[in-house]
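Have the structure open and follow along.

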Amino acid sequence: MMNTEAVTPETLDWENLGFSYIKTDYRYVSYWKDGEWDEGELTRDNQVHISEGSTALHYGQSCFEGMKAYRAADGSINLFRPYENAERMKRSCERLLMPAFPVERFVEAVRETVEANEQWVPPYGTGSTLYIRPYMIGVGDNIGVRAAPEYLFAIFVTPVGPYFKGGLTPSNFVVTQYDRAAPYGTGASKVGGNYGGSLLPGTEAKKRNFSDAIYLDPATHTKIEEVGSANFFGITHDDKFITPKSPSILPSITKYSLMYLAEHRLGLTVEEGDVYVDQLDRFKEAGACGTAAVISPIGGIQYGDDFHVFYSETEVGPVTKRLYNELIGIQYGDIAAPENWVVKV
Ligand SMILES: Cc1ncc(COP(=O)(O)O)c(C=O)c1O
C-alpha cells in the first residue's frame, strides 16, 4: 500500500492519479453539542477520535457529500455548484435526524479547506482535480437506537484522477439483482448505509471485469436506476436525453447540470422517465454521470445472458462527447457557465 504520508505536491504525478486517498495538509472540523455548532477550525490531524457508543458506528447515522475543486487556466480555483451540495447534505441530515450544517457556512468551510490545501489542487490541463469530501457523523456516548447527542461535521480533500479507468473510453457494466435502496428508504439521501450495501454487488461486478453494478428499481426490478455511484443517462435515436426518475435515486448534481446543458446548449429534448432494462435499443448512446465519474460512456450493459452494446465498446459517442466537453469546459472555466454555477475559491 502507498504510504500516503510520504506523498507531497512536489512528488505527485498529477497526470496519473487514481481515485485513492492521499493525506493533504488541512481538514475542517466543527462539533455540534447542546443545540449548536461550534465555530469550526482547520486542523492538521487526519484521525477522528470518537466515543465507542457513537451512532455512526452502530446505527448508520452518517452522511456525506462529494464535490471537486478545479484549477482554471489562469491558476484560480473553481468550485462547481457548491450550494447544491450544501442543500443536498441538509436533506440527508434531515432524513437521518441530524442537525444540518448551515448552507452558507458549508460553502465557506469548503472554500477555506481548499484554500488551505491550495498546493494540492492539481495543475490545469492534467485532467486531475481536488476531490472534496464533507461528512457528518453522529458521535457521543449512546447505546439505544436514537439520534446521537453530538455530531461532527468535517471536510477533507484529496487529489484524484478519473474514477472509472480510462476516462472517456467506454466501459461495460452489469445489472445486479441486489438493491442499493428501498422504494421509500434512503436512496435519495447520500447516507453511509447505501454504500455499505453496494460493496458486495460492486465487487462482484468488478470480479467479472465490469466497471460497476447497475441497480434496477427496487419495487419491480424492470427499470434502470443507478450505475454504481453515478446516475444513468441515455441518448435516443431521435436525440432525446433521457434519465431515470425515481424517489430511490440520488439526485445527481451532475445529472441535473447535464439536463440543462443538453437542452440549452445542445438543443436536445430532455426527459426524466422510466428506462426499462429490456428496452435499451432505444438508445444510441448511454453514460454514467456524477462528480467522481464526470461522464463515463457506457460501452455495453450485461443483463442476464444479454449483452447490449450502445454506440461502441471502444469509442465515445458524439453526443456524449459534446456533453462532456461542455461540462468540463464549464468546470475548468474555459466555457461560460450558467449563472452561479461556478464559485471561485
Ligand atoms: C449513488 C450515487 N448516485 C449518483 C451520484 C452522482 O451525484 P453527483 O453528480 O451529485 O456527484 C453519486 C455521487 O455523488 C452517488 O453516490
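## The largest cavity

The largest cavity holds about 80 Å³ of space. On a 1 Å grid over the protein atoms alone, a cavity is a set of points where a 1.4 Å probe fits but cannot get out, while a pocket is an open set with protein on both sides within 12 Å along at least five of seven lines; lining residues have an atom within 4 Å of a point. Grid points are joined across faces, edges and corners, and the volume is the space filled by probe spheres set on the points. Searching the whole structure turns up three cavities of 30 Å³ or more.

Who lines the largest cavity? Among them are Gly-66, Met-67, Tyr-70, Phe-80, Asn-85, Thr-254 and Gln-331. Strand E5 (67–71) and H6 are the elements giving two or more residues to this lining, and E5 gives the most, with three residues. Helices (H or I, at least four residues) and strands (E, at least two) are DSSP runs, numbered from the N terminus.

## About the model

This is a predicted model, where local features need pLDDT of at least 70, side-chain atom pairs count only at pLDDT 80 or more, and totals for chains, interfaces and linings use all residues. Residues are numbered from 1 along each chain as its sequence is written, and side-chain values use heavy atoms, with hydrogens and water left out.

## The largest pocket

Now for the open space: the largest pocket has a volume of about 890 Å³. It is lined by 40 residues, and Phe-64, Arg-133, Tyr-163, Tyr-195 and Ser-229 are the closest to its centre.

Elements that each supply at least two lining residues include H2, strand E7 (129–139), strand E8 (150–160), helix H5 (199–207) and H6. The largest share, four residues, comes from H5.

Is Ser-257 buried or exposed? With a relative accessible area of 0%, Ser-257 is buried (buried means under 20%, exposed over 50%, partly exposed in between, with a 1.4 Å probe and protein chains only).

The side chains of Ser-257 and Arg-81 make a polar contact of 2.8 Å (a pair of N or O atoms within 3.5 Å; within protein, one must be able to donate a hydrogen and the other to accept it, and residues adjacent in sequence count only if both atoms are side-chain atoms). Leaving out neighbours within four places in sequence, Ser-257 is in contact (heavy atoms within 4.5 Å) with Phe-80, Arg-81 and Trp-341.

## Ring pairs

The whole structure has 17 aromatic pairs. Rings of Phe, Tyr and Trp (its six-membered ring) pair if their centres lie within 6.5 Å; planes under 30 degrees apart count as stacked, over 60 as edge-to-face and the rest as tilted. Trp-37 and Phe-101 are edge-to-face, 5.1 Å centre to centre with 80° between the planes. That pair links distant parts of the chain, 64 residues apart: Trp-37 is in strand E2 (residues 36–37), and Phe-101 is in the loop between helix H2 (82–95) and helix H3 (103–116). Trp-37 counts as buried at 13% relative accessibility, and Phe-101 does at 4%.

Phe-80 and Trp-341 have ring centres 5.7 Å apart and planes at 85°, so this pair is edge-to-face too. Because Phe-80 lies in strand E6 (residues 77–80) and Trp-341 in the loop between helix H7 (318–331) and strand E18 (342–344), the pair ties together parts that are 261 residues apart in sequence. Phe-80 is buried at 8%, as is Trp-341 at 6%.
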